[in-house]
Amino acid sequence: MIIDLLGYGAFFLSTALIYGLITLGLNLQWGMTGLFNVGIAGFVAIGAYASAILTTPDAPDRIGGFGWPIVLGWLAAALVTAAAAAFTGYATLRLKSDYLAITTFGVAVVVQLVALNAQGLTGGPFGVAFIPRPFAAVQSDPVLFNFANLGVIALVTLGVYLALERLSRSPWGRVLRALREDERAAIALGKSAQSYRIQAFAVGGAVMGLAGAVQAHFIGFIAPDNYLPTLTFQVWAMLMVGGSGSNRGAVLGAIVVWAIWVGSGTLTAAVVPGDWQARASSLRIVSIGVMLCLILLWRPQGFFGRRKAG
Amino acid sequence: MSLQFLLDGLISGAMIGLGAIGVTLTYSILRFSNFAHGDFMAWGAYAALAVVGVLGGSTPMAPLSFGVPLLAALVVAMALTALLALVLDWLLFARLRARGQSIIVVMASFGASMALRNLLEFIFTSRPAYFSRAIQMAVPLGFGIRITADQVALLALTLALVTGMHLFMQRSQRGREMRAYSQNPALAQVVGIDVASVVRATWVIGAALACASGVMVGTLVQIRPLMGLDLLLPIFAAAILGGIGSVPGAVLGGLIIGLSGSAAVQFVGAEWRSAVAFVILMAVLLVRPMGLFGVAER
Amino acid sequence: MNVLQVKGLVAGYEPGLSIVKGATIHADEGEIVVILGPNGAGKSSLIKAIAGLVPITAGQVLLDGRDITAVPAHLKIRHSLAFVPQTENIFPLMTVEENLRVAAGVLPRTEVAPRMAEMFQMFPDLAVQRGLMAGSLSGGQRQMLAVARALIVHPRVLMLDEPSAGLSPKLVTQVFARLKEFREQGLTIILVEQNARAALAIGDRAYVLVEGREAHEGPAATLWDNPLIAELYLGQRSAR
């Protein structure tokens with residue numbers, strides 16, 4: 001029993017930390033730079049599929065299956081997602097911020113479409129299976145397996161967290177914050193301001209892609225359904241609860257919101273009768289949406305942020 | 001080759017165009033892209049469905065699949081959707097707008113969109129609903145095009161709404177005030193224009209047209225909680241393609257997106273329809289971000 | 001009698017950061033009051049505050065003895081106070097006629113058409129260009145349109161923020177000549193100007209604003225005689 005709980009605890013924390021990673025990426029884009037990304041699910045999916053395609057064993061019915069080592073897959077995931085984000089930024093960041101929002105929304109729609117329909121690349125609705133999992137050798141011992149995974153995920157999160165903290169204190173980070181304060185000044189600064197923001201958006205995208213890859217290898221199987229707008233929405237809720245602008249807040253917000261999400265899910269599963277389950281889960285999303293709006297109205301700085309953010 | 005895709009494109013273009021008018025007005029007057037606009041369409045369609053349910057069935061006006069109840073429901077639903085938009089503005093958007101950061105308002109609209117959509121799923125479940133299940137006779141027009149009476153009626157309705165909108169914006173005092181405010185909010189106040197009534201008019205018009213578009217989709221296709229979300233990208237693309245702030249531009253943009261979409265269905269494959277809006281959006285942003293009828297941002 | 005009275009006005013965009021710091025001015029019926037002062041003295045902010053566009057934190061604005069301090073910007077025109085901003089003072093994507101019509105919305109419905117006709121009589125150039133986009137007008141014509149737009153609702157007081165900016169000397173003379181005509185008809189005009197010479201030539205009285213407060217007041221014609229004023233605030237500008 002205790003062992004089961006421990007194993008579950010490790011599993012829960014691993015999932016939460018992966019969300020924490022995505023939220024860290026969003027915090028760089030939004031919290032630090034003020035770039036609004038409504039297509040988080042799309043960028044996470046790009047990373048997940050990139051790594052999955054590169055690392056899975058050869059599959060006859062689709063492109064890919066290159067059997068690369070996991071670490072290389074993760075690196076490639078970060079790079080590919082960064083490139084996608086950089087292009088999105090390039091196309092929109094010289095314009096008003098709303099255009100970026102609309103375009104990222106479109107990216108998520110199109111990625112979902114490709115994932116569903118480009119069967120030869122993504123496996124279509126059935127997704128990609130047999131994604132190599134780290135520590136597959138100890139899979140028979142769930143506790144050890146879960147903790148080993150948690151260790152790796154925690155290390156990656158810590159690494160990204162420290163790197164982002166460093167970046168935000170660097171001159172580069174200071175420029176980003178200055179640009180965030182004044183959109184008009186940023187437009188007036190022209191090319192160089194635009195390039196800073198593209199860089200920030202790309203690095204944030206890389207973190208999201210990495211998170212997608214880590215999650216894909218943690219679960220071992222991905223499908224288009226994992227990357228619906230709800231994901232984007234959850235990550236936003238995590239950042240807003242945590243307090244945008246703070247990396248610490250991003251990770252803490254992710255853990256708290258994921259706990260609420262899983263907890264309310266377990267509760268409804270136990271309490272709500274079977275034919276009302278779908279409706280109850282809709283109501284869960286409604287309440288998160290309302291919560292997001294309430295935070296925007298009454299506590300825009302979040303709950304764990306150190307700085308006051310607008 | 002059948003030219004049916006032209007008619008299909010025209011019809012989906014009409015739906016997109018009606019939605020895009022609201023988006024373009026919200027953007028140019030309230031200065032934010034409203035991600036909840038698609039959900040106004042869905043709420044409008046469900047509101048009409050509910051009203052039809054209350055009014056009860058009656059014999060359809062042959063050869064149409066619907067009768068007076070749906071038309072009455074459309075009017076009531078347009079009013080209800082407008083009310084929804086006004087309440088949402090009062091509760092949420094107006095308060096955030098007062099703080100002056102437009103992108104926060106965008107985020108709020110995103111949160112509101114998620115809540116609104118799932119509230120619909122909660123109330124009506126995600127099962128599709130229909131105004132009528134009757135099969136309609138399609139009349140051949142030549143070149144392989146077949147058209148149903150419903151399609152004719154709804155295209156005519158769109159034409160009437162768009163023309164009415166255009167005349168309202170050009171000829172009425174409120175329309176002039178809305179245009180003036182979108183060009184220069186500070187000067188609009190100096191001239192004596194009441195911002196609050198301009199804002200109200202914007203929400204009412206945008207939401208009512210979104211509702212009309214939603215009822216069209218509901219009559220010709222089906223009603224689902226996700227119907228608004230699915231049309232959101234084409235609507236944004238149409239508004240940007242037409243030039244933000246331009247009502248005729250939004251309609252023309254909608255027609256172009258709709259026709260391109262159905263051409264993609266014909267020549268590439270139905271599953272890629274939604275990608276067309278994105279491709280056009282990217283092309284516009286890269287080549288001519290002000291759109292067809294837009295002016296460079298001040 | 002005093003048509004407009006401004007008493008101890010304090011105003012600024014941000015709390016604690018006032019630009020207008022206790023200005024007291026007045027204007028009588030049929031008078032052109034010129035407001036001069038060095039850059040950053042708060043001339044523009046003063047009339048914007050009176051127009052309701054800059055938040056007022058203290059002081060009073062009275063029009064015909066009625067307190068209009070708290071009247072929101074869009075209702076100021078209904079209290080007979082018209083304002084012509086320095087830049088962007090027309091709607092560029094609307095025709096000349098539409099620019100006037102949108103402003104005429106304040107009038108009772110039946111008065112709109114006759115008043116439009118009157119304005120076109122007063123400004124024959126605008127009548128010729130009534131169908132043109134206002135954005136395509138020349139600088140002088142735009143300024144005339146902005147003035148016509150402000151006058152269409154019969155204001156008691158017309159405030160102008162640097163109407164001469166960007167105009168050629170010949171056009172400045174023309175615009176100012178029109179202002180003089182309107183004064184003859186009893187209109188009270190408050191003119192904020194950098195172009196001191198031209199403004200004082202048509203003005204009746206003048207204020208010199210320094211650091212958000214009036215530092216000197218006197219008849220426009222004799223303002224130059226005060227050597228201190230001429231040297232301190234107008235010296236370099238009078239050469240223009």
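1. In this predicted model, the secondary structure of chain C consists of nine helices and 10 strands.

2. The C-alpha atoms of chain C occupy a box of roughly 50 × 40 × 35 Å along the principal axes. The radius of gyration of chain C is 17 Å, which agrees with the value near 18 Å that a compact globule of 240 residues would have.

3. As to the interior, 45% of the 240 residues of chain C count as buried. When contacts in chain C between residues at least 6 apart in sequence are considered, 68% of them join residues at least 24 apart.

4. Chain C also meets chain B: 21 residues of chain C are in contact with 17 residues of chain B. On the chain C side, the elements that give two or more residues are helix 2 (73-76) and helix 3 (96-103). Helix 3 of chain C gives the most, with four residues.

5. In chain A, Asp61(A) has its place in the loop between helix 2 (40-55) and helix 3 (70-92). Is Asp61(A) buried or exposed? Asp61(A) has 10 other C-beta atoms within 10 Å; because a residue with 12 or fewer counts as exposed, Asp61(A) is exposed.

6. Asp61(A) and Leu294(A) stand 233 residues apart in sequence, and their C-alpha atoms are 48 Å apart in space.

Note on methods:
Residues numbered from 1 in each chain as written. Chains lettered and ligands numbered in written order. Predicted model: local features only at pLDDT ≥ 70, side-chain atom pairs only at ≥ 80, totals over all residues. Buried ≥ 20, exposed ≤ 12 C-beta atoms within 10 Å, placed from the backbone. Contact = placed C-beta atoms within 7 Å. Rg over C-alpha atoms; globule rule 2.2 N^0.38 Å.
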